[in-house]
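Okay, thanks for coming, everyone. Let me put the structure up and walk you through a few spots on it.

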Amino acid sequence: GAGLEPSDAFNTVARAAIRWTYEALSDDNRDWLAELPAGPLVVDDLLEICHGTPFDEDMYVFDDADVLRAMQAADRRVVLFGHTHVQVGYRLANQSLTLATADVRRPLHIAIGPGHYLINPGSVGQPRDGDPRAGFGVYDAASQVVEIYRVPYPIERTQIRIREAGLPEALAQRLALASVAGGGKFCFTLTVTDIATGWTENRTVPDKRKANVVAAITDVVTHL
């Protein structure tokens, strides 16, 4: 959106969103964004933040190996990250890696104890974990607590505004996607688009195995 990098490497839907954002921002907006420091960013003696991982802002955290590599690269014991749009937290203590967000209740109170933490507070929109509600977190430096939340928001109204802006239909549909894969698990989005008419259907799949992809395509076909 700030024009720092070419959008050629992105898919068609993402490029459309980037182009709309660039045009919606003023020159002052773009200059301000361009001048922000690149991550990761150390916040205090306990916390650092990044978009992807402490070793690469464009990398995704998909599995335990990614979690451990991110923790090893971090300059602080607690890292807040994003990128995956999945609300999840991990803790490494006594050589044991556990899920800090195993409790599905929200809000969830995560008191920072000994060890290392890697926490994704989630995404306000475009869910990838089967829960369409907005996800966010609050970090209390004084009490060393991360509180993560899940709250409903007017998805339908947001979808209307996306369509009114002339953005791809896939961006509107995916806001409401839900799937059986949740609990901090990453979901992929399968998008089927008729280029001639712009008709679009989305389905979530837990992984890229052939059986799951074929099942998602079959479900689209049955609803034609």
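So, let's start with strand β4, residues 88–93: 5 bridges join it to strand β7, residues 116–120, and the two run antiparallel. In that pairing, Leu-92 sits opposite His-116 of β7. Quick note on terms: helices (H or I, at least four residues) and strands (E, at least two) are DSSP runs, numbered from the N terminus, and two strands pair if DSSP finds at least two bridges between them.

Before I go on, this is a predicted model, where local features need pLDDT of at least 70, side-chain atom pairs count only at pLDDT 80 or more, and totals for chains, interfaces and linings use all residues. Residues are numbered from 1 along each chain as its sequence is written, and side-chain values use heavy atoms, with hydrogens and water left out.

Back to β4: there's also an antiparallel pairing with strand β5, residues 96–99, over 4 bridges. Here Arg-91 faces Thr-98 of β5. β4 and β5 make a hairpin with 2 residues between them, and Asn-94 in the turn has a positive phi of about 55 degrees.

Now helix α2, residues 27–34, which holds Trp-32. Is Trp-32 buried or exposed? Exposed, at a relative accessible area of 54%; the cut-offs are under 20% for buried, over 50% for exposed, and partly exposed in between, using a 1.4 Å probe and protein chains only.

Last stop: helix α6, residues 210–222, where you'll find Val-221. Val-221 is partly exposed, at 49% relative accessible area. From Val-221 to Glu-201 is 20 residues in sequence and 9.8 Å in space, C-alpha to C-alpha.
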